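I opened the model to look up charge pairs, ring pairs and the core. My entries follow in the order I made them.

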Amino acid sequence: MFSFFNSTPKPKLLVTPEDKTWIESNFEWMMHQYGVKPLLLAPITTTKGPFSRYHNRIAESLQYYMEEVCVHMDVDPDEVALHLYSAGDQGELDGPVRINFEGGYSMGEYHHRNNLTGKYDIHINQKITDNIQAVIATMAHEIGHVKLLGEYRTTANDEMHEYVTDLTAIYFGFGIVMANTVHTRETWIDNKGYSGWSIGKSGYLPLELRTHALAVQAFLQGQKAPEWTNALDKGPRKMFQQALAWLHATGECDATLPQARGGRATDV
């Protein structure tokens, strides 16, 4: 009697049914493209593991970070050439694909294989090299272009390409930094001593979609409260927990792990 006073509110789906289907069907596609192993590993963080190093000298360690991102995304680091640029000189090469910051500058650029070197040219804006999570998220997005464009899985003419590129970075374990860097704060000071700050949106996928994708990853791993949850910033963490609670409460996930004999998930 009066049990409704103690009832727990039912978790709410944070994305539209169409966006939910889009995320989960793309995860299914990626399982067949890349195997399930990347989806079953814990997402990377910048507080432990290889990406926890050299935070006091990020700009000098960009090559190290790029090589680690390549390894995590199954791309040969020797196939990638890393470059720095300033906000005013991007786009020197033809045909770049950029990840943009709403404040008016690009954070990174991908260029197809260089005809002279045979490598993919990845450019990172030096303005973000004081933010380790922005650096890693941008690199993961740009290497996502290698997986999709460089390995001929899609074309830049596909209107959804940039969104799938963000999702690819999440699939390969960069969901935490992708969620934490949706809204990036920038401070500045000019030569007259005036200072200020701005907040812009980086990347393409909205935060709701990024956290739902991260929740799908945890759900497929069979986790209800992953130990890495606290690596998410407060806003993304709350959304992730709600998305994961909804998946466990309903069991409605269109992405399913392929099964081998004996009921164990396997690569496909």
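**Entry 1**

I started with Glu79, which is partly exposed at a relative accessible area of 28%. My cut-offs: buried is under 20% relative accessible area, exposed is over 50%, and partly exposed is in between (1.4 Å probe, protein chains only). This is a predicted model, where local features need pLDDT of at least 70, side-chain atom pairs count only at pLDDT 80 or more, and totals for chains, interfaces and linings use all residues. Residues are numbered from 1 along each chain as its sequence is written, and side-chain values use heavy atoms, with hydrogens and water left out.

Which residue forms a salt bridge with Glu79? I found Arg113, with the closest N and O atoms 2.4 Å apart. I count a salt bridge when a side-chain nitrogen of Lys or Arg is within 4 Å of a carboxyl oxygen of Asp or Glu. Arg113 is partly exposed too, with a relative accessible area of 37%. Arg113 lies in strand 3 and Glu79 in the loop between helix 3 and strand 1 (80-85), so the bridge ties together parts 34 residues apart in sequence. Helices (H or I, at least four residues) and strands (E, at least two) are DSSP runs, numbered from the N terminus.

**Entry 1: the other salt bridges**

I noted six salt bridges in the structure. I then checked accessibility. Lys147 is buried at 3%. Glu151 is partly exposed, at 30%. Arg153 is partly exposed at 25%. I also logged a network of salt bridges that links Lys20, Glu24 and Asp254.

**Entry 2: ring pairs**

How many aromatic pairs does the structure hold? I get 11. Rings of Phe, Tyr and Trp (its six-membered ring) pair if their centres lie within 6.5 Å; planes under 30 degrees apart are stacked, over 60 edge-to-face, and the rest tilted. I looked up Tyr34 and Tyr171: the centres are 6.1 Å apart and the planes stand at 50 degrees, so this pair is tilted. Tyr34 sits in helix 1 and Tyr171 in helix 5, so the pair ties together parts 137 residues apart in sequence. Tyr34 is buried at 15% relative accessible area. Tyr171 is buried at 0%.

Next I took Trp228 and Phe240. Their ring centres are 5.3 Å apart with planes at 45 degrees, so I file the pair as tilted. Trp228 is in the loop between helix 6 and helix 7, and Phe240 is in helix 7, so the tie spans 12 residues in sequence. Trp228 is buried at 7%, and Phe240 is buried at 1%. I also found one aromatic cluster, formed by Phe27, Trp29, Tyr34, Tyr171 and Phe172.

**Entry 3: the core**

Nonpolar side chains tend to be buried together in soluble globular proteins. I looked for the core next. A nonpolar core is a set of buried Ala, Val, Leu, Ile, Met, Phe, Trp, Tyr and Cys residues joined through side-chain atoms within 4.5 Å. The largest one has 71 residues. Which members touch the most others? I list Phe27, Val69, Ile136, Ile143, Leu167, Phe174 and Leu220. Among the elements that each supply at least two residues of this core are helix 1 (17-34), helix 5 (161-180), helix 6 (207-220) and strand 4 (120-125).

Not counting residues up to four places away in sequence, Leu220 touches Met31, Leu39, Cys253, Ala255, Thr256 and Leu257. Contact means heavy atoms within 4.5 Å.

Is Ile23 buried or exposed? It is buried, with a relative accessible area of 0%. Ile23 lies in helix 1. Beyond four places in sequence, Ile23 touches Leu167, Leu209, His212 and Ala213. I checked one of these by C-alpha: Ile23 and Leu209 are separated by 7.6 Å, though 186 residues apart along the chain.

His212 is buried at 2% relative accessibility. Leaving aside neighbours within four places in sequence, I find His212 in contact with Leu13, Val15, Lys20, Ile23, Glu24, Ala243 and Leu247. Of these, Lys20 and Glu24 were already in my salt-bridge network with Asp254.
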